[in-house]
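Please look through the sequence and the model below before reading on. The paragraphs that follow lead from aromatic rings to a sheet of strands.

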Amino acid sequence: MGRKDSVWSLGEGQAPEDLDKPVDTPPLSSLLIERPQGGSITVGGDISFVAKVEAQDLLRKPTIKWFKGKWMDLASKTGKHLQLKETFDRRTKIHTFEMHIIKAKDNYAGNYRCEVTYKDKFDSCSFDLEVKGFVDIRSAFKRRTWPQPSHPPLVSCPREPKQDETPEVDVWEILKSARPDQYEKIAFEYGITDLRGLLKRLKKTKKEEKKSEAFAKKLDPAYQVDKGGKIRLVVDLADPTVELKWYKNGQEIRPTPKFIFEQKGTQRIMVINNCGLNDDAAYSVAAGEEKCTTELFVKELPVKITKEIEAVKTTVNERIELACEVSEEGAQVKWCKNGVEVPTGPRSRYRVKSEGLKHWLIIDDASKEDTGTFSLMASGGTSEAKVQVELKPLKIIQDLQDMTVLLGQPLKMHCEIFPGNVPGRWYRNGQLIQSNDRINILQRAKNHRLEIVNSTIHDAGDYTFVPEGYSQSLCAKVHIVDPPRVHLESLNFPDNTVTIVAGNKLRVEIPISGEPAPRRLWVRAQVILDSGHRVRAETFSDHTSLTIDIAEKEDTGNYKIVLQNEAGEAGASIKVKVVDIPDPPEVPLVTEVGGDWCSMTWEPPIYDGGSPILGYFIERKKKQSSRWMRLNFDLNKETTFEPKKMIEGVPYEVRVFAVNAIGVSKPSEPSKAFVPLAVTSEPTMLVVDDVTDTTVTMKWRPPDTIGAAGLDGYLVEYCIEGTDDWRVTNKELTEKTKYTITGLPPEAKILVRVRAINAAGASTPRTLQHSILVKEVIEPPKIRIPRHLKQTYTRKVGEAVNLVIPFMGKPRPKVSWLKEGQTVDPTQVTIRNTDCDSIIFIRKAERKHSGKYDMKVEVENHVDTAIVDIQIVDLPGPPQCVKIDEVWGGNVALDWTPPKDNGNAAITGYTIQKADKKTMEWYTCIEHYHRTCITITELVVGNEYYFRIYSENMVGLSEGATQTKDSALIVKEGMQLKNPEYIDHDFKEPPKFTQPLINTFAIAGYNATLNCSVRANPRPKVIWMKNKIAIIDDPRYRMFSNQGVCTLEIRKPSPYDGGMYSCKAINDLGDALVECKLEVKGQFCMLHQYSMVQFFLRRHHTSTPHNSNAHQYVLF
């Protein structure tokens, strides 16, 4: 009784106070395809509950839990009375979960629940188990066993249970009044074996009863009633107006004909009519917040046998009915055969039926195995009877017949016997025949058939049919006949042709069949082949063979085989083909040579060896080397090939191998030696350098690949547009990458191309993509202001100023400079102009050099201007009018006015210092102070102070400081400072762009950015537009805004991204708009511009002398 598996059965139902509590479960979904169904068993019986889950859409096994009642998890209660089983069918993809209850007890009855979960899916099912049996106060805790049929007293004279012979004893009262150390003795005395369960129930009843406010008298701890009887449960209420509810195992009881509620004064009575085993439960009554409980035990009277089973004697295939009567309707009985319970499931041969007091065991089709002793066991006795089943006499209606069957034809044997439905066995030569794919054994009533689909030689012999249970048998002989056959199809030779390599041995084994064994003959060219020669024939039981020891070319031909036996004649022929490797190909010929490759061709071999040529292998070697290198590992099916990856200037030889299905031929003779040489690649970056009325100057870059033959020079050609007459301009090769074509007709359009020449010949020409007009080109001037000069250019006094402003234009532009509308003084500022830039140089800057310089570039009627703002800054002067405004406590208020001279730069702050009058040592109070008034705090009481102030700009502190004329004495008496009133400044303002957008050039394929800055309060909303259309959610654009700086990034622009871009800022006070033009140039245009800038820089570099000051060049 100490096992855990006995504990789970004592679980109680749901308490009344738990009925209204919600149960947290996830939403239901249909996981269960088969749900467990409720059932009923007798005490000591077995029952199984099955749940099935389809796993078609599940990635892993679902989780299942079995519960009794609301909370008891049965997974930890498994043992000898409870088993949980899981299986999975891979074919149907169904999980099967089973719960087996073994040797059930009466208190196993109740409500059970099955829960299945998989991820977020959930499904559950509830079912009831009813356990039928007899229970009283003591028998509820005893282990009961069924009486064995082998006990003679139970068969002949059923006795009443022992407890009926002794007077009833209230064990509960004895246990409640006894000491705990006497429990075991009392249980032994009254035959109680489940002491643990008894104590568990006693613990509930032995709680100290407190004085109840709702009940004047509670229910008794336990009640007992006979099965089918009637019982009254009575409570006396202290307050008759209180609401009363009755519960059974935690479930509220409603009025029914079975449960009747009565009321007499303060008494409340519940009457239970016709008590059954399912009424054995825990009952409770709740009055307001209080409740009392009791146990009801239903005593089951023993079931007696009133009419015994009669013995039966019959023959096979007859119907048997065993009948018995008991003393009680609906009683639980058990049918046994030879002491073992008979199975009564859906697939069992036995059927059980009951009607009122009668019980039947039915066997529809009796067999000899049904002979034995059958018994019916009830709780009050057992009845036995013998059943004897005998065979019927055998009668042969149709016997087996001898048969002769052609090999491969179906074989069918048939016999007919009486009685029907008698099984039997078939034998061949004494060996049992089993059913398979080829053999079918059939039985239909009296008919027995043996069918063989395709008969074989092994199916011949003596056949016997033996009916089961009889000593008689039926016999017949079967003879199999087979004409001779030659099975060439098993050799899998195409067109029955056997190919053999010359010099090898050939042995061809051909399966043959025939019954009886046929005579074999091999014939070639009307000559019969015998054994003992190089070409010979050999004969065996199931095949014949043709052997050629050393194959020769003359052995090619047809070979015929002839078979003869009593059933007929057959013949077949095979063709033998002797093959060899091919002859070597002809000497290869090298037709063309490149830098690291050549083109070669050859003729196929004269003799292909009797097998088609599959392809060729090619090898090469250096002429001075003896090691050949294979060039192709896959067969080359053509008679041409291009060897590659050779070294220029090194002589090579090549040779060829022919390959057929037999093997590789000998190599061909080597080709004549050849040396790979390659022309250079075409010249690169051909551009126009200069154009006049009669000349065109071209320049280019050397070829990317020159090769071992080197580079001898270049050949320049031109032709008039619209013609193909290319004229060579230089009779001798030029080694330079620049050439001027002279003598051209004015205003003609020409095309120019350049070739690179070396020992291997001329390269592919590099042709200018567009025609050139032979005319001086006027290029409008364009000033390229460097990025750092687009803003104010600031320098300190005494520093050098050296600014380089590049520009473009043809012919050479005219450059002029003005300062504030006046001509620049050459004694103060040095200006040097070249063809491509202008330089402003000031050796030692002074403040008078500050101002806006206007630059104008002119080419004929075309003008371009630019402004350069130069600011020369110096140290500021000291502040003015520094005075002590007020002194109070340890504080001094100072006031001053900004300096008269700010050093040509904005004042960025002030530095205030103090000094004690006694020491006159100056100490800094604060630095970088921006306002013109300040309060100095934490001054020492009793001291007298002077103050001085320095002004500060971007250059630094002023050289001198302004000191207060008066001193400030810090006295002990406190002073009250009247705080001035300040008016809050309104910082709101409409949007205003402090830095506009600038026209920008971008290169196609490289990211471009547009920048501007805006000031506004409150913060404005920024909108970017292209061609006045807002840019919204376009992945090619990214927009940023940080501290008023607005940026638009264009990812890898193309020429189509060019246009007018604008930025618009909007807030509640107004809006502002700035625009710029974005021009996207392709790679060729930028390359041409880059070459032009390089040309101007070189010309400037050669024409301008070097000096100690470095020139600055900015490329766009």
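**Rings, charges and strands**

In this predicted model, Arg-753 lies over the face of Trp-726, with 4.2 Å to the ring centre.

In one of them, the ring centres of Trp-896 and Tyr-910 are 5.5 Å apart and the planes stand at 70°, which is over 60 degrees, so the pair counts as edge-to-face. Because Trp-896 belongs to strand E70 (residues 891-897) and Tyr-910 to strand E71 (residues 907-916), this pair ties together parts that are 14 residues apart in sequence. Trp-896 counts as buried, at 2% relative accessibility, and Tyr-910 is buried as well, with a relative accessible area of 3%. Elsewhere, one aromatic cluster is formed by Phe-49, Trp-66, Tyr-112 and Phe-127.

Turning to the strands, an open sheet is built from four of them in the order E19-E21-E25-E24, with antiparallel pairing. Strand E19 (305-307) and strand E24 (350-355) each have a single partner strand and stand at the edges, so one side of each is left without a neighbour in the sheet. On average, and with direction ignored, neighbouring strands of this sheet are turned by 30° against each other. Between E24 and strand E25 (residues 358-363), the antiparallel pairing runs over six bridges, and the bridge partner of Ser-354 in E25 is His-359.

Definitions and conventions: Residues are numbered from 1 along each chain as its sequence is written. This is a predicted model: local features need pLDDT of at least 70, side-chain atom pairs count only at pLDDT 80 or more; totals for chains, interfaces and linings use all residues. Side-chain values use heavy atoms; hydrogens and water are left out. Two strands pair if DSSP finds at least two bridges between them. Helices (H or I, at least four residues) and strands (E, at least two) are DSSP runs, numbered from the N terminus. Axes are lines fitted to C-alpha atoms, for helices over the stretch in contact, and angles run from 0 to 180 degrees between N-to-C directions. Rings of Phe, Tyr and Trp (its six-membered ring) pair if their centres lie within 6.5 Å; planes under 30 degrees apart count as stacked, over 60 as edge-to-face and the rest as tilted. Buried means under 20% relative accessible area, exposed over 50%, partly exposed in between (1.4 Å probe, protein chains only). A charge sits over a ring if NZ of Lys or CZ of Arg is within 6 Å of the ring centre and within 35 degrees of the ring normal.
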